[in-house]
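Subject: Structure for your review

Dear colleague,

Please find below the structure that I am handing over to you. My notes on what was found in it follow.

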Amino acid sequence: MTAARKGTLIAGDGIGPEVVSAAVRVLEATGIVIDWDAQMAGAMAIAKEGTPLPEKTLESIRTHGLALKGPTTTPVGGGHTSINVALRKALDLYANVRPIKSLPGVKTRYENVDLVVIRENTEDLYSGLEHVVVPGVVESIKVITEKASTRIAKFAFAYARANGRKRVTAVHKANIMKLSDGLFLDCCAKVAKDFPDIKYDDIIVDNCCMQLVLDPTRFDMLLLENLYGDIVSDLCAGLIGGLGLAPGANVGEKGATFEAVHGSAPDIAGKNIANPIALILSAAMLLDYIGENAAGNRVREAVLSVLKDGKVMPRDLGGTASTTAVAEAIAERVAS
Ligand code: ATP
């Protein structure tokens with residue numbers, strides 16, 4: 001008998017513990033055994049360990065190379081810096097992968113949306129380099145490097161090739177940020193030459209947002225720097241019915257963490273009403289990552305089947321089902 005695969009489990013803040021238990025329930029229903037090492041990050045870690053991201057949490061992910069993570073709250077303005085940003089940097093999880101696909105039974109203005117957002121995860125305005133120049137004047141420094149831009153572009157094109165995607169569109173504002181976005185764009189164009197089988201083009205970020213709202217089906221894969229990637233991902237989640245449905249992965253050379261696009265949603269935390277589907281679909285991506293694609297497909301099919309059926313619908317999609325009821329319905333279909 002082979003030993004069970006090990007992974008780090010981070011419940012996180014707000015709706016985190018609720019959606020993480022829901023995703024674990026569905027993973028268990030696949031029969032794939034993952035031996036979870038539960039670790040803290042976020043508010044509970046501050047209370048118990050005095051830091052939002054304890055070293056033993058990082059060490060656990062480094063050891064297992066795999067984590068399923070609930071959202072953690074990032075205070076606005078002051079307070080601690082983002083745990084997600086710290087985690088992605090510490091473990092060099094440089095590629096954020098966010099598939100955006102229309103789902104049956106979900107009322108939206110759009111049909112047949114099928115996009116993948118690839119977001120650079122380690123630099124840009126997320127470098128955390130901010131300072132007060134003189135009172136009333138601050139600077140936040142945008143860092144773009146040739147190395148990170150080339151690396152994320154290679155990742156995007158390799159992903160396109162491996163997943164049957166046809167076109168990569170780089171998104172930028174190089175007409176204004178001629179140096180930083182100009183460098184990003186140059187790197188993307190250079191890498192594109194090594195992938196003649198994948199079409200390549202680019203678009204200015206504001207136009208991209210408008211085109212996405214007019215007709216999201218005109219795009220295939222979007223390749224973005226960190227900040228544009230964050231904003232455009234939420235826009236894309238809105239195209240398919242909201243944050244409750246958008247999964248994600250942070251991938252590096254030595255491991256990956258899987259988490260939904262959404263945040264900790266404190267407004268609905270602790271009420272058993274959050275939509276767990278985004279994290280359940282992230283768990284399906286985790287199964288693909290560990291080579292259990294058949295199980296990953298079963299999870300995705302179970303989600304589609306529950307949504308199509310329409311009997312057990314979460315609140316954000318106009319239904320009345322609780323987080324646990326949605327998870328149970330999906331888990332039952334996975335197991336059947
Ligand atoms: P962050 O900056 O940490 O990404 P955010 O400010 O984007 O967080 P979220 O926590 O993602 O905010 O919440 C945005 C809105 O979406 C809130 O009204 C929240 O209730 C809703 N929301 C987020 N996730 C879910 C979910 N899984 N189910 C239902 N509603 C959700």
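In these notes, Ala, Val, Leu, Ile, Met, Phe, Trp, Tyr, Cys and Pro count as nonpolar, Asp, Glu, Lys and Arg as charged, and the others, Gly among them, as polar. By that scheme, the shell around the ligand holds five nonpolar, five polar and three charged residues.

The model is predicted: local features need pLDDT of at least 70, side-chain atom pairs count only at pLDDT 80 or more, and totals for chains, interfaces and linings use all residues. Residues are numbered from 1 along each chain as its sequence is written, and side-chain values use heavy atoms, with hydrogens and water left out.

The ligand is surrounded by 13 residues (a heavy atom within 4 Å), and the closest are H262, G263, A265, D267 and N275.

- H262: a side-chain N or O atom is 3.4 Å from a nitrogen atom of the ligand.
- A265: a backbone N or O atom is 2.8 Å from an oxygen atom of the ligand.
- D267: a side-chain N or O atom is 2.9 Å from an oxygen atom of the ligand.

On its own, the ligand has 620 Å² of accessible area (Shrake-Rupley method, 1.4 Å probe), and the protein covers 61% of this.

The C-alpha atoms fill a box of roughly 55 × 45 × 45 Å along the principal axes.

Yours sincerely

Note on methods: Polar contact = N/O pair within 3.5 Å; in protein donor to acceptor, adjacent residues only side chain to side chain.
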